[in-house]
Amino acid sequence: MDMADSDTSALRRLPAVATVLAAPEAAALLEAHGRVATTEAIRGALDAARSALRGGATTAVEPADIVHEARQRLDAQPAALRPVFNLTGTVLHTNLGRALLAEAAIDAAVDAMRHPVALEFDLDEGGRGERDDHVRDLLRELTGAEDATVVNNNAAAVLLCLNTFALGRGAVISRGELIEIGGAFRMPDIMARAGADMVEVGTTNRTHAADYRHAIDAHTGLVMKVHTSNYRIQGFTAEVDARELVAIANAGGVPLLNDLGSGSLVDLSAYGVAREATVRQAVQEGAHLVTFSGDKLLGGPQAGFIVGTRESIGAINRNPLKRALRVDKIRLAAIEATLRLYRDPDRLGERLPTLRFLGRTRDAISAQAHRLREGVAACIGNAFGVDVGECASQVGSGALPLDTLPSAALMIRPHGSQRTLEALATAWRALPRPVIGRITEGALQLDLRCLDEADEPAFLANLAAGNA
């Protein structure tokens, strides 16, 4: 038998797809991944075996061998949206999903997924209800506003307000507040998409009350104030505060929209963060509409809240665009549960992960770093040194950009070249649960602010798995 005949004979002895699927070893794959994915993986494994035989391989291929190869292929396809360890030092990391939800919010979301819920059903009257009713009273209580509504994020909240009050009309805004945030979101673009005519007043660094008064005319739909949450203009500056803008807008017969961006419902100074105006304070200043995020400083799921006067919120709810921007039952359940936590401020810092992480002290984080140092060093071997060092955490997501939080980190430095450090960072991003740190000043810095003590064993086991 010549070589060609031998190759052909070996190829003919490869098991058929149906034969592999019927093998006892395939049952676990079918149970875990389903018939479609398992069949595709088996076909891929057979193609690889066929190529190996044509390349001169002589080992007999059994159905169990193909199942083993198929299992490796399936295991090498982790979910795209994977949990990670956020050791970047940024609490509300936009690229890592921002706020972690409280257990109460997670439980509520799971219940909404598992059971039918009275989303738009009035249990008292037995007829159709409003989904906003689940959070309206909570938002009114927590902010002092007359009325409230919720949409899928704060950009949507701003878009909806502009479209409701400034469609085909002027929206007056300070030139120094024409912000751009992550993902190339620019306020002028949102205003244009909302159908508003942008009317810039003042200069980049100084805007005065007279600038607004001169800009308001019969064409004006609203006046807008935007909190510059992700940058600061310092030095020779001037701006008009919200209370004075309310008076100017009232005199012109138009509403004031105050976009807080990452608004907070509590005084954050109690958690070691620089004090910022709360949503309640913005309402008390008289703004007709106040918009803010749910997944930033508030610590809940992605959402955009609009609170304000009963007349203004009523107009927004009549806008057909509101339906396109509404939230689903899962997110609404998590929002309601998060807001309920704010009714118990004494235990809020324990229950809300965002505030718990923000409130951690450098001493507590440093103690954690010293506990973990030896274990981390054992996982990465002699090519690196592991020390404990001081660092500064950030709030993130554009909130309080100039303010940092004293923290501590594991500082990993290579004994060899910098490429070794970069290779380690790359390898840790490929772990079963990726570890995301930050390379700075010749070290891979692991800021432990966002690592709960209860997660320490899982963190070390995860590193060990990558070194096995």
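Throughout these legends, contact means heavy atoms within 4.5 Å. The views show a predicted model, in which local features need pLDDT of at least 70 and side-chain atom pairs count only at pLDDT 80 or more, whereas totals for chains, interfaces and linings use all residues. Residues are numbered from 1 along each chain as its sequence is written, and side-chain values use heavy atoms, with hydrogens and water left out.

**View 1. T278 in the loop between strand 10 and helix 11.** Leaving aside neighbours within four places in sequence, T278 is in contact with L260, S264, L265, V266 and D267. The loop that holds T278 runs between strand 10 (256-261) and helix 11 (279-284), where helices (H or I, at least four residues) and strands (E, at least two) are DSSP runs, numbered from the N terminus. T278 counts as buried because its relative accessibility is 10%; buried means under 20% relative accessible area, exposed over 50% and partly exposed in between, with a 1.4 Å probe and protein chains only.

View 2. When residues up to four places away in sequence are not counted, V283 touches T143, G144, A145, V290 and V307. The C-alpha atoms of V283 and N258 are separated by 9.1 Å, and these two residues are 25 residues apart along the chain.

**View 3. V290 in the largest nonpolar core.** A nonpolar core is a set of buried Ala, Val, Leu, Ile, Met, Phe, Trp, Tyr and Cys residues joined through side-chain atoms within 4.5 Å. The largest such core has 57 residues, and those with the most contacts inside it are V223, V290, F292, V307 and L339. V290, with its neighbours within four places in sequence left aside, is in contact with N258, L260, V279, A282, V283, F305, I306 and V307. A second, separate core of 29 residues includes A157, L159, A166 and A171.

**View 4. A171 in strand 5.** Strand 5 covers residues 170-174 and is the place of A171, which is buried, with a relative accessible area of 0%. Not counting residues up to four places away in sequence, A171 touches L162, A166, M191, A196, D197, M198, V199 and L222. From A171 to I436 the C-alpha to C-alpha separation is 42 Å, with the two residues 265 residues apart in sequence.

**View 5. The largest pocket and its lining.** On a 1 Å grid over the protein atoms alone, a pocket is an open set of points where a 1.4 Å probe fits, with protein on both sides within 12 Å along at least five of seven lines, and lining residues have an atom within 4 Å of a point. The largest pocket has a volume of about 840 Å³, a volume being the space filled by probe spheres set on the grid points, which are joined across faces, edges and corners. The lining of this pocket comprises 31 residues, of which V84, L96, A99, L100 and R433 lie nearest its centre. Two or more lining residues come from each of strand 1 (85-86), helix 5 (103-114), helix 15 (348-351) and helix 16 (353-358), and helix 16 gives the largest share, four residues. By residue type, the lining divides into 19 nonpolar, three polar and nine charged residues; here Ala, Val, Leu, Ile, Met, Phe, Trp, Tyr, Cys and Pro count as nonpolar, Asp, Glu, Lys and Arg as charged, and the others, Gly among them, as polar.

**View 6. C391 and C450.** A disulfide is taken as a pair of cysteine sulfur atoms within 2.5 Å, and by this rule the count comes to zero disulfides. The closest cysteine sulfur to that of C391 is in C450, and at 11 Å it is too far for a bond. C391 counts as buried at 9% relative accessibility, and C450 counts as buried at 15%.

**View 7. Backbone geometry at R98 and E441.** R98, in the loop between strand 1 and helix 5, has a positive phi of about 60° although it is not a glycine. E441 is likewise not a glycine, yet has a positive phi of about 50°. The loop between strand 16 (438-440) and strand 17 (443-447) is the place of E441, and E441 is exposed, with a relative accessible area of 76%.
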